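Subject: A structure for you to look through

Hello,

Here is the structure I promised to pass on to you. Have it open beside this email as you read.

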Amino acid sequence: VAAPQTQPIAAAPAPQATPVAQPAAPSAQPVAAAVPAPAAAPAAPPAEGETATAEEVPAKPKHALGKGAKISIISILVILIAIVGALIVTKMNNNAEARRITALLNQEGTPKLNKAQANDLLQRAISAGVDNERTAIYACLSEAESSDGTDLGLTIASYASNATIPMSPELRRRLLQVLQARELSPDAVRVIIGFAQGTDDPSLAADALNTVKKGASDEYLGDLLDIIAVNRNSSIQYAAESALAELAKKTERKSVFVNETIKAYEDAPTPAARHAYIRLLGAAGGDRAAKILRDVLATDEEPDLLAALTALKSWPDDTMFPDLIAFVTKNRANARLRAQALSSAQAFLKLPSERSGEESAQMWSSLWSVARTRQEKIDIINSLARTGAAWALTLLKDYEKDPDEDVSYRALQAIEHLEERLKVLEDSP
C-alpha cells in the first residue's frame, strides 16, 4: 500500500503590524516680542591723540536732504526775497510819486509844468485807483502853463491820440475835453485831426473834431471837408461841419473857403455830404454862395430845401433875409418847410448885429406879416419879449390888438415882462 502523498502546508500570513497612534505635537507657544535694548549711551569722544573707530562715527540720517533739494529751497527763498524787495521798492516809489503828484496839483496860482511833469500827470490820470485825483489832474492840465517852453497842448494831444497807450474810451474822451479848454497850436490841431481820421471809434472821432473848433485854421480846410465826404457816420460829419462853421466865421480868406466848399458840394458823394456843404455856404456868405442857395430854394427837393433854409439862419449879413420872407410867403402848404423857414428867420434876427432899432423893428414886422397860424404869431411874440429892446414894445402893443384872444393875451404878458426887464436895466448902475 502506497503511502499517502504529503500535502504542503501553506505558510501562515505574517500578522500586520497594528498602527500605533502617535501623540499629537504640542501647539507652539507664542513668543514674546523682544524687549528693545536700551539706547546705547553716546560714545565718549576719543581722547586727545586717539582716532575714532568706525563704530564711534554716528550713522548718517536716513532722510537727509539731497543737494538738489537744498538748491531748490535756496532758489525759492531767493525768489521770495526778491519779490518782497520789489514790493517794498514799488511801495516806496508809489509813495514818492504820490507826493510828487500832490505837489504838482497844489501849486499856488496858475500851475507850471514842464514836459516830464505833464507826462507824469497824464500817466497818473489813466492809472487805476486814482478816481479821486482825476478831476484835479484834468483841471491842472487844462490851466497849466509851460515852464520849459513845451507845447503842453501838443503833449496832451499826442498822449490822448496815441492808440498804443492803453486807456478806456472814456478816459481818452476826458483828455480830449481837457484840450477844449486850451488854446491849441497848429501842430496840436494836426495831431487831433489825424486821430479823428484814423480812429475806429465814431464817438471819439466826433469828440476829437469838436476839440479843434477853436484851433481850426485854413490849413485844415481840405482835411475837414474830406472827413464829411468819406465818413458815413452822422456824428462825425456833424462835428466836422461844426468845426468848419467856426472856421468860416474867423477866416480871412472867405473866398478860398467858399470856393473849396462849392467844389466839395459839386462833387459830394452822398446826399448827407451835399446837405452839409449847403449849410456851410450859409456860414461863409458871399455872392457865389448866395447864388447856389437861391438856386436850391427854387427846387422842389425837400431835403435840399431844408439844408438851404438852415444855412440862411447864419448868413453873415441881411442880404438873404428877403429870400426867407419870400419863401415863407410862397410855401403855405408845406408845414415842415414853412416851420423851418420861420425858425431860421427868427434865429437870424436874434444874432448880434449892428442894425439900428428901427431896422430891427422893420425886419421883425416883415416876419410878422407872413405869420398865419396862432403858434407862428406866439413864437414871434415870445422872441420879441426876450430881446430886452425898447423898440420891441411898440411892436408888441400892436400885436396885442390881434383878433385871436390867445395871441392878444400872450402879447399882453410879453409887454408886462419886457417893461419889467427894461426897468431893471434902467435901474442897474
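Predicted model: local features only at pLDDT ≥ 70, side-chain atom pairs only at ≥ 80, totals over all residues.

**The core**

In soluble globular proteins, nonpolar side chains tend to be buried together. Here, the largest nonpolar core has 115 residues. Which residues have the most contacts inside it? They are Leu224, Leu244, Tyr277 and Leu367. Helix H11 gives the most to this core, with 8 residues.

Apart from neighbours within four places in sequence, Leu224 is in contact with Ile193, Leu209, Ala216, Ala240, Ala243 and Leu244.

**Helix H11**

Helix H11 runs over 271-284 and has 14 residues. From its first C-alpha to its last, H11 reaches 20 Å, close to the 20 Å expected at 1.5 Å a residue. Is H11 largely enclosed or largely open? Because 10 of its 14 residues are buried, H11 is largely enclosed by the rest of the structure. Those buried residues include His275, Tyr277, Ile278, Leu280 and Leu281. Among the elements that cover them are helix H8 (221-230), H9, helix H10 (254-266), helix H12 (287-297) and H13. Just after H11 comes Gly285, which takes a positive phi of about 75°.

**A residue that faces H11**

Now look at Thr261, which sits in helix H10. Its relative accessibility is 0%, so Thr261 counts as buried; the cut-off for that is under 20%. Leaving out neighbours within four places in sequence, Thr261 is in contact with Leu225, Tyr277, Leu280 and Leu281.

**The largest pocket**

The largest pocket holds about 650 Å³. It is lined by 24 residues, and the closest to its centre are Ala245, Lys249, Ala283, Lys313 and Ser314. Which helix supplies the largest share of the lining? That is H9, with 6 residues. Helix H9 (234-250), H11 and helix H13 (302-312) each supply at least two lining residues. By type, the lining divides into 10 nonpolar, 4 polar and 10 charged residues.

Enjoy exploring, and write back with any questions!

Best wishes

Definitions and conventions: Residues numbered from 1 in each chain as written. Heavy atoms only, no water. 1 Å grid on protein atoms, 1.4 Å probe; cavity = no way out; pocket = protein on both sides within 12 Å on 5 of 7 lines; lining within 4 Å. Points joined across faces, edges and corners; volume = space filled by probe spheres on them. Helix = DSSP H or I, 4+ residues; strand = E, 2+ residues; numbered from the N terminus. Nonpolar A, V, L, I, M, F, W, Y, C, P; charged D, E, K, R; others polar. Core = buried A, V, L, I, M, F, W, Y, C linked by side-chain atoms within 4.5 Å. Buried < 20%, exposed > 50% of the residue type's maximum accessible area, 1.4 Å probe, protein only. Contact = heavy atoms within 4.5 Å. Expected span 1.5 Å × (residues − 1).
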